[in-house]
2 protein chains.
Amino acid sequence: MSTVETERPLRIGEVAELIGTTTRTIRYYEEIGLLPGAMDREQGKHRCYTQADVERVREIVRLRDLLGLSLDQLSRLLEAETARAELRREWKLAESGAERRRILDEASAHIATQLELVRGRCHELEQLESELVAKQELVSQRLAELDR
Amino acid sequence: MSTVETERPLRIGEVAELIGTTTRTIRYYEEIGLLPGAMDREQGKHRCYTQADVERVREIVRLRDLLGLSLDQLSRLLEAETARAELRREWKLAESGAERRRILDEASAHIATQLELVRGRCHELEQLESELVAKQELVSQRLAELDR
DNA sequence: CGCTATCCTTACGTTTACGTAAGGTAGAGC
DNA sequence: GCTCTACCTTACGTAAACGTAAGGATAGCG
């Protein structure tokens, strides 16, 4: 689906442009283990990325901006996801139902962790929002009183 | 209301303890203008804080943790609020209704700015949440399929 | 095969948001 | 008045998250 370009490998500059970040940032994330080391790239050769890789980076940047985590914490949060990406390939090879169940259970747990974090943040923000609304109403009320 | 202690002035260490931060942080925030310079303190004398000051710091820390802003951006966001705190004192002296209206209008605009920011963040997080829920459901579905 | 743009690695530089240490002072209690 | 603790200022240190510059290799194109 999507484009006609059936998965043309992207270079790091294109990825950076697409996401709205810099090549340095992407290399840095690879350096600290946030991004898998483009697997089996030989020393000196160009990194190349798939569309899935781009999504991965996009997701990282998003989480970085939305949650207040350090890249280190983020790294730990996504560790499971990194493993999950690898499990995706195991998935098709997994013959036993038990294996498949385990993989799904892990994925589920991982998503649950993220959800908990996101919901916590969300509630805090909603709390803040309602407080601001209350303030706003108070001011409006004062303004109304001036008009009487 | 609240405590019997009718507004005992607090020292910086107590404030830090109350809020769960450090004295260094508080001094730093004062240094960069996030906190008003405890007004008219003479060189070398101890800083002392009112309950209102504590709330101010608490609010700053909260915004710092919740929104993804630099202290510099935060400073600009709260500039209006800093002015507003001063206007509170002007408030009781403001005789003309026009003056009062202006003050209230400014307060309202400032709160609106904050609200916009908070709501934006909130929506982004809700978006992320719903995406995670969708993922979660997909996994659950797969698990259910295994049971058939 | 050569050209050029983009990429590679290495490594030092920079900003933000504090931590920490040194040497001296204020102020509450006795 | 003295003491002891928490505070003061000054200033250097630091971890995180990249920025930036140098010197050289790669890969797509003609």
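**Group meeting: helix packing and the A–B contact**

Okay, so H1(A) and H3(A) sit oblique to each other, and oblique here means whatever is left once under 35 degrees is called roughly parallel, over 145 roughly antiparallel and 65 to 115 roughly perpendicular. Their axes cross at roughly 45° and come within 10 Å, with H1 being residues 12–19 of chain A and H3 residues 51–66 of chain A.

Quick housekeeping: this is a predicted model, where local features need pLDDT of at least 70, side-chain atom pairs count only at pLDDT 80 or more, and totals for chains, interfaces and linings use all residues. Residues are numbered from 1 along each chain as its sequence is written, chains are lettered from A and ligands numbered from 1 in the order written, and side-chain values use heavy atoms, leaving out hydrogens and water.

Back to that pair. On the H1(A) side you have Val15(A), Leu18(A) and Ile19(A), and on the H3(A) side Val54(A), Val57(A), Arg58(A) and Val61(A); contact means heavy atoms within 4.5 Å. By class that is six nonpolar, no polar and one charged.

H1(A) also packs on H2(A), residues 23–31, at about 105° with the axes 8 Å apart. That makes the two roughly perpendicular. Ile12(A), Gly13(A), Val15(A) and Ala16(A) of H1(A) meet Thr23(A), Ile26(A) and Arg27(A) of H2(A).

Now across to chain B. H3(A) packs against H5(B), residues 97–147, at about 135°, axes 11 Å apart, which makes that pair oblique. From H3(A) come Glu59(A), Arg62(A), Leu63(A), Asp65(A) and Leu66(A), and H5(B) brings residues including Arg121(B), Glu124(B) and Leu125(B). Here the classes are four nonpolar, one polar and six charged.

And how much area is buried between chain A and chain B? About 3800 Å², with carbon and sulfur atoms giving 65%; that's the accessible area (1.4 Å probe) lost on putting the two together, summed over both. Each side is spelled out too: 40 residues from chain A and 40 residues from chain B. Leu66(A), Leu125(A) and Leu132(A) supply 16% of what chain A buries, more than any other three residues.

One pairs Arg119(B) with Glu129(A), at 2.9 Å, N to O.

Key. Axes fitted to C-alpha atoms, helices over the stretch in contact; angles between N-to-C directions. Helix = DSSP H or I, 4+ residues; strand = E, 2+ residues; numbered from the N terminus. Nonpolar A, V, L, I, M, F, W, Y, C, P; charged D, E, K, R; others polar. Salt bridge = Lys/Arg side-chain N within 4 Å of Asp/Glu carboxyl O.
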